[in-house]
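Grab the viewer and follow along.

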Amino acid sequence: MEEKRKIGEIKYSLKQAKEERYKKEEHYTMKASDRLLIGYDYDAWYGYSEKIPVSVDASTKNNTQTLICGMSGSGKSYLTNQYLARICLYGGKESKVYFADFKQDDSFKHLRECPRYYPYDKTIDALDEVYDIMHKRQCGEDESRNFITLVWDEYMANILALLGTEKKKAEAVMHKVSEILMLGRSLAVRLVIACQRPDATAFPTGSRLNFGVIIIVGASHESIYSMLMPKELSEKVGNREFHTGEGVLLWQGAELKFIKVPVIRDERKMNAICVEGLTR
């Protein structure tokens, strides 16, 4: 009798483990979800060879204004592409995604024919359109709350280029960005900004503090951690040596996670999701 009981417990444990693995796999794949996958838990990956998902709740009850940082070669563009695909899946058919591509290298060439893709000389047009939507929602002209997301690659370089040629225009752009960061959450208007180093030059009046999701990938300088995280959290990075596609996630300014960015097996599918999201 005791032996049968033990066998039953083992079978139940195996079943539970199988169900847990299945749930995790749902996070890994490019499927619509109520959460956005950021990566796998870094310590579990290297310590126990476990793929434990690290994800965030992307609903309007949370602040999902997102900052993605990483020096050249850090895997920032690869992560941005994944993040874009998951945003396109998350919001549903009524959501709209815009992509501003200042650098315009080959990282996002699959998006170039999309109607809401804005190349290096038209990135401000994308901002103006999203900003206009937010103001229509503020004044009650637009009562919809489907997600509006602007993904802006190499934002910092874009602002520095503007400051060098049209300072007043650059200041107007930064003001609009700050306003969206402060007011966008409840109106379902969101920015996803990717840059190498998020200096305060491009984020006036402390607007850099309004990001609810901060991701830093690659071997970053300590100064980047200190400008984005409280000292007690940046010290928790410890002696971890992050390589390409590895780094930290700061969630809502308080919760720190260490991540390893997933490798997407079917990149054509991921790219197709992004194209559909910028076209519908």
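Q: What counts as a pocket here, and how is a volume worked out?
A: On a 1 Å grid over the protein atoms alone, a pocket is an open set of points with protein on both sides within 12 Å along at least five of seven lines, while a cavity is a set where a 1.4 Å probe fits but cannot get out; lining residues have an atom within 4 Å of a point. Grid points are joined across faces, edges and corners, and the volume is the space filled by probe spheres set on the points.

Q: What ground rules apply to the model and its numbering?
A: This is a predicted model, where local features need pLDDT of at least 70, side-chain atom pairs count only at pLDDT 80 or more, and totals for chains, interfaces and linings use all residues. Residues are numbered from 1 along each chain as its sequence is written, and side-chain values use heavy atoms, with hydrogens and water left out.

Q: What is the volume of the second largest pocket?
A: Its lining has 13 residues, with Glu222, Tyr225, Ser234, Val237 and Gly238 nearest the centre. The volume of the second largest pocket is about 190 Å³.

Q: Which element gives the most to the lining of the second largest pocket?
A: Elements here are DSSP runs numbered from the N terminus: helices (H or I, at least four residues) and strands (E, at least two). Those giving two or more residues to the lining of the second largest pocket are α7 (222-228) and α8 (231-234). The top contributor, with 3 residues, is α7.

Q: How many salt bridges does the structure hold?
A: Side chains of opposite charge can pair when their charged atoms come close. The cut-off used is a side-chain nitrogen of Lys or Arg within 4 Å of a carboxyl oxygen of Asp or Glu. With that rule, the number of salt bridges is 14.

Q: Which residues are linked in a network with Lys103?
A: Lys103 forms a salt bridge with Asp105, with the closest N and O atoms 3.3 Å apart. Accessibility is scored as buried (under 20% relative accessible area), exposed (over 50%) or partly exposed (in between), using a 1.4 Å probe and protein chains only. Asp105 is partly exposed at 27%, and Lys103 is partly exposed at 36%. The salt-bridge network links Lys103 with Lys76, Asp105 and Glu154.

Q: How far apart are the closest N and O atoms of Glu276 and Arg280?
A: Glu276 is partly exposed, at 34% relative accessible area. Arg280 is partly exposed too, at 23%. These two form a salt bridge, and the closest N and O atoms are apart by 2.7 Å.

Q: What is the angle between the ring planes of Phe99 and Tyr117?
A: Rings of Phe, Tyr and Trp (its six-membered ring) pair if their centres lie within 6.5 Å, with planes under 30 degrees apart called stacked, over 60 edge-to-face and the rest tilted. The search turns up 11 aromatic pairs. Phe99 and Tyr117 make a stacked one, with 6.3 Å centre to centre and a plane angle of 10 degrees.

Q: Why does the Phe99 and Tyr117 pair tie together parts that are apart in sequence?
A: Both residues are buried. Phe99 lies in strand β4 (residues 96-101) and Tyr117 in strand β5 (residues 117-119), so the parts tied together are apart in sequence by 18 residues.

Q: Which residue lies over the face of Phe258?
A: Phe258 belongs to one aromatic cluster with Tyr42, Tyr46 and Phe242. A charge sits over a ring if NZ of Lys or CZ of Arg is within 6 Å of the ring centre and within 35 degrees of the ring normal. Over the face of Phe258, at 3.8 Å from the ring centre, lies Arg240.

Q: What is the phi of Ser49?
A: Most residues other than glycine have a negative phi. Ser49 sits in the loop between α2 (42-48) and β2 (53-57), and is exposed at 67% relative accessible area. Its phi is positive, near 55 degrees.
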